[in-house]
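Colleague: Before we use this model, I would like to go through its backbone and its surface with you. Could you show it first?

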Amino acid sequence: MNPQRFLSPCFLSLMLALVFCFATGRAVAQPGNEPYRAVVGVDGVQHVNILAGDYFFRPKHIIVKVNMPVMFVVRVEPGIIPHGFVLRAPRANISIDENLSRESKIFTFTPSAPGTYAFYCPEKLLFLKSHREHGMEGILEVVE
Ligand SMILES: [Cu+2]
């Protein structure tokens with residue numbers, strides 16, 4: 001039997017399975033893109049847990065109330081690619097620019113102005129696309 005005739009349908013179905021998994025993974029990942037409204041704890045702080053990885057932040061759309069303390073706890077998925085977290089919104093009195101590490105990083109701030117502010121990973125390797133261009137960005141929406 002010609003191995004080519006046996007291998008190619010196998011190879012094709014494997015490729016199809018991979019494409020299918022990729023497509024379904026994408027579809028399943030979509031609900032994570034829904035806006036996340038921060039929960040106010042008994043301490044009066046708006047707590048938000050953020051997961052970072054190659055190349056995403058989850059949740060990627062966060063809604064918080066203005067003039068109320070916010071605490072971001074940013075955790076990174078295990079991996080070898082370094083990531084960072086930048087959120088610069090001088091108008092709202094927010095300035096964060098830190099590397100992320102294995103341990104969770106905690107960022108606290110009190111947004112002083114409503115608006116929509118971008119956060120992102122600033123990492124970029126040589127001539128490759130930046131992590132932000134790969135989709136590693138999100139939105140902080142500060143509301144009244
Ligand atoms: Cu990154």
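Modeller: Let me start with Leu-125, which counts as exposed because its relative accessible area is 55%, where exposed means over 50%, buried under 20% and partly exposed in between, with a 1.4 Å probe and protein chains only. This is a predicted model, in which local features need pLDDT of at least 70, side-chain atom pairs count only at pLDDT 80 or more, and totals for chains, interfaces and linings use all residues. Residues are numbered from 1 along each chain as its sequence is written, and side-chain values use heavy atoms, with hydrogens and water left out.

Colleague: What omega does the cis peptide bond between Arg-58 and Pro-59 have?

Modeller: Pro-59 lies in the loop between E4 and strand E5 (61-65). A cis peptide bond also joins Asp-54 and Tyr-55, with omega about -5 degrees, and Tyr-55 sits in the loop between strand E3 (46-53) and strand E4 (56-58). For the bond joining Arg-58 and Pro-59, omega is about 0 degrees.

Colleague: Is Asn-67 buried or exposed?

Modeller: Asn-67, although not a glycine, has a positive phi of about 60 degrees, and this residue belongs to the loop between E5 and strand E6 (70-76). Because its relative accessibility is 54%, Asn-67 counts as exposed.

Colleague: What phi does Asn-93 have?

Modeller: Asn-93 is found in the loop between strand E7 (83-89) and strand E8 (94-100), and at 58% relative accessibility it counts as exposed. Although Asn-93 is not a glycine, its phi is positive, at about 65 degrees.

Colleague: What percentage of the contacts with a separation of 6 or more lies between residues 24 or more positions apart?

Modeller: A contact here means heavy atoms within 4.5 Å. Of the 144 residues in the chain, buried residues make up 31%. Among contacts with a separation of 6 or more, the share from residues 24 or more positions apart is 64%.

Technical notes. Helix = DSSP H or I, 4+ residues; strand = E, 2+ residues; numbered from the N terminus.
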